[in-house]
Amino acid sequence: MTDRPTIVFETMDPLFRHALSGYLLRTALVLGLPDLMGSEPVAVAELARTAGADPDLTARLLRALHGLGYFHRIGPDTYTHNHLSLLLRTRSGDASAEVVSGFLKPEWMWPLWERFTDAVRTGASPFSSVHGKDFYSFLGDHPQVAENFNRAMTLSLGPTNATVADALEVSGHLVDVGGGQGALLRAVLERSPTVRGTLFDIEVALGNVDPELLTGALAGRCAVVAGDARESVPAADAYVMRLVMHNWDDDTCVRILSRCAEAGNAGARVFVVEALRSGGLSFVPLMDLQMFMLVGGKERDEDEFAALFSRAGLDYVGARPTASVFHVIEARK
Ligand SMILES: C[S@@+](CC[C@H](N)C(=O)[O-])C[C@H]1O[C@@H](n2cnc3c(N)ncnc32)[C@H](O)[C@@H]1O
């Protein structure tokens with residue numbers, strides 16, 4: 001038996017898959033195909049009609065996505081969801097839907113990636129030149145985008161709150177800097193009945209704070225303060241920042257840590273909670289670039305955090321893993 005001769009396109013198939021997959025997924029998301037596909041198998045012609053799309057091109061798009069591992073093909077031009085395509089739904093009511101709505105589907109995200117080559121050449125994050133203002137100012141002008149972003153943070157990080165709270169050793173007054181809607185602070189306060197908390201974030205992030213912190217059982221031990229951590233933070237015995245440092249370049253991180261060093265009470269503890277770059281998690285290098293594109297941020301390793309603490313005049317203590325993807329990286333005043 002002779003080997004079947006191959007053509008170079010077969011050899012290059014993995015490259016085409018990687019190169020085209022973003023465009024294909026973007027179009028499927030914008031047309032709403034994953035949301036329109038229910039739990040029953042659906043004919044492509046019907047799906048295309050509901051989506052207001054051309055049936056022939058919709059069939060060809062689904063065929064290509066199926067080749068990439070999305071959707072289950074159960075007959076000629078009849079599909080249903082598989083485990084990967086289920087993650088593309090924005091109306092599933094779970095955390096993946098929030099992440100898709102917040103990060104993968106939005107039309108404001110894609111022009112950033114069109115500037116990625118320039119960004120790699122220059123080292124400059126494209127957000128401000130594409131949208132005319134930095135990401136967080138953009139959120140201030142687009143309340144719906146801000147709501148999606150803040151909810152995506154709360155829901156996607158929710159499963160880690162307990163393990164992160166367990167890994168923090170706090171007493172006295174804790175400020176959650178850039179604490180978003182307050183789910184982590186709530187977990188800490190629920191565990192530690194003598195700890196007082198302050199949820200600190202920019203105004204636009206505080207629109208839907210966890211009601212338990214505002215009017216619930218924890219309200220008596222919790223304040224909510226709007227402010228810019230680059231300028232000042234409230235005095236406290238401890239600060240926690242989860243996924244805040246990865247928003248910023250080194251100089252801005254040092255600026256925020258310096259505000260903690262200035263405002264912190266004697267011996268104040270500073271807990272940075274991040275996924276370390278060398279932790280072996282395949283999503284971290286992707287998140288590293290995503291943060292760069294949005295806010296000029298980056299993922300870091302322990303020695304880089306130690307250097308940031310040192311520049312801010314804080315004494316580095318060490319990094320310890322939690323039962324989640326995050327490490328707690330600690331310094332003291
Ligand atoms: C990736 S989110 C993390 C949210 C939260 N720490 C959590 O773990 O759920 C980054 C947070 O930093 C906040 N942030 C951005 N700029 C800030 C600033 N200048 N001062 C304080 N917080 C800021 C954002 O509003 C957002 O809530």
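# Notebook: looking through a predicted model

I started with Leu 104, which counts as partly exposed because it has 17 C-beta neighbours inside 10 Å. My cut-offs are these: a residue is buried if 20 or more other C-beta atoms lie within 10 Å of its own, exposed if 12 or fewer, and partly exposed in between, with C-beta atoms placed from the backbone.

Before going on, I noted that this is a predicted model, where local features need pLDDT of at least 70, side-chain atom pairs count only at pLDDT 80 or more, and totals for chains, interfaces and linings use all residues. Residues are numbered from 1 along each chain as its sequence is written.

**Entry: helix H7**

I found Leu 104 in helix H7, residues 95–104. Helices (H or I, at least four residues) and strands (E, at least two) are DSSP runs, numbered from the N terminus. I then looked across to Leu 29. Leu 104 and Leu 29 are 75 residues apart in sequence, yet 8.3 Å apart in space, C-alpha to C-alpha.

Which residues of H7 are buried? I listed Ala 97, Glu 98, Val 100 and Gly 102. Their cover includes helix H2 (13–31) and helix H12 (143–157). I judged cover by contact: two residues are in contact if their C-beta atoms, placed from the backbone, lie within 7 Å.

**Entry: the whole protein**

I counted 18 helices and 10 strands. The C-alpha trace spans about 75 × 45 × 45 Å along its principal axes. Of the 333 residues, 35% count as buried. I also checked contacts with a separation of 6 or more: residues 24 or more positions apart account for 61% of them.

**Entry: the cores**

I looked up the nonpolar cores next. Such a core is a set of buried Ala, Val, Leu, Ile, Met, Phe, Trp, Tyr and Cys residues joined through C-beta atoms within 7 Å. The largest has 50 residues, and Val 188, Tyr 239, Leu 257, Val 270 and Phe 271 touch the most other members. Helix H16 (residues 250–263) gives the largest share of this core, 6 residues. Apart from it lies another core of 16 residues, including Leu 29, Val 44, Ala 97 and Val 100.

I went back to Leu 257. Leaving aside neighbours within four places in sequence, Leu 257 is in contact with Val 270, Leu 308, Phe 309, Ala 312 and Leu 314.

**Entry: strand E4 and its partners**

I checked its pairing, where two strands pair if DSSP finds at least two bridges between them. E4 pairs with strand E5 (residues 196–201) in the parallel sense over 5 bridges. Val 177 stands opposite Phe 200 in E5. I followed the chain from E4 through helix H14 (residues 183–191) to E5, a right-handed β-α-β crossover. Right-handed means that, with the strands pointing away from the viewer, the path from the first strand over the helix to the second runs clockwise.

E4 also runs parallel to strand E7 (residues 238–242), joined by 3 bridges. Leu 174 has Ala 238 as its bridge partner in E7.

**Entry: two positive phi values**

Most residues other than glycine have a negative phi. I noted two residues that go the other way. Leu 243 has a positive phi near 50°. It lies in the loop between E7 and H16. Is Leu 243 buried or exposed? Leu 243 counts as buried because it has 20 C-beta neighbours inside 10 Å.

Asp 77 has a positive phi of about 55° and is not a glycine. I found Asp 77 in the loop between E2 and E3. Asp 77 counts as partly exposed, with 17 C-beta neighbours inside 10 Å.

**Entry: antiparallel strands**

I traced an open sheet of 3 strands in the order E1-E3-E2, with antiparallel pairing. Strand E1 (42–43) and strand E2 (72–75) are the edge strands, and each pairs on one side only. E2 is joined to strand E3 (residues 78–80) by 3 bridges. Gly 75 stands opposite Thr 78 in E3.

I then moved to strand E9 (residues 315–321), which runs antiparallel to strand E10 (residues 327–332) over 6 bridges. A hairpin of 5 residues joins E9 to E10. Asp 315 has Arg 332 as its bridge partner in E10.
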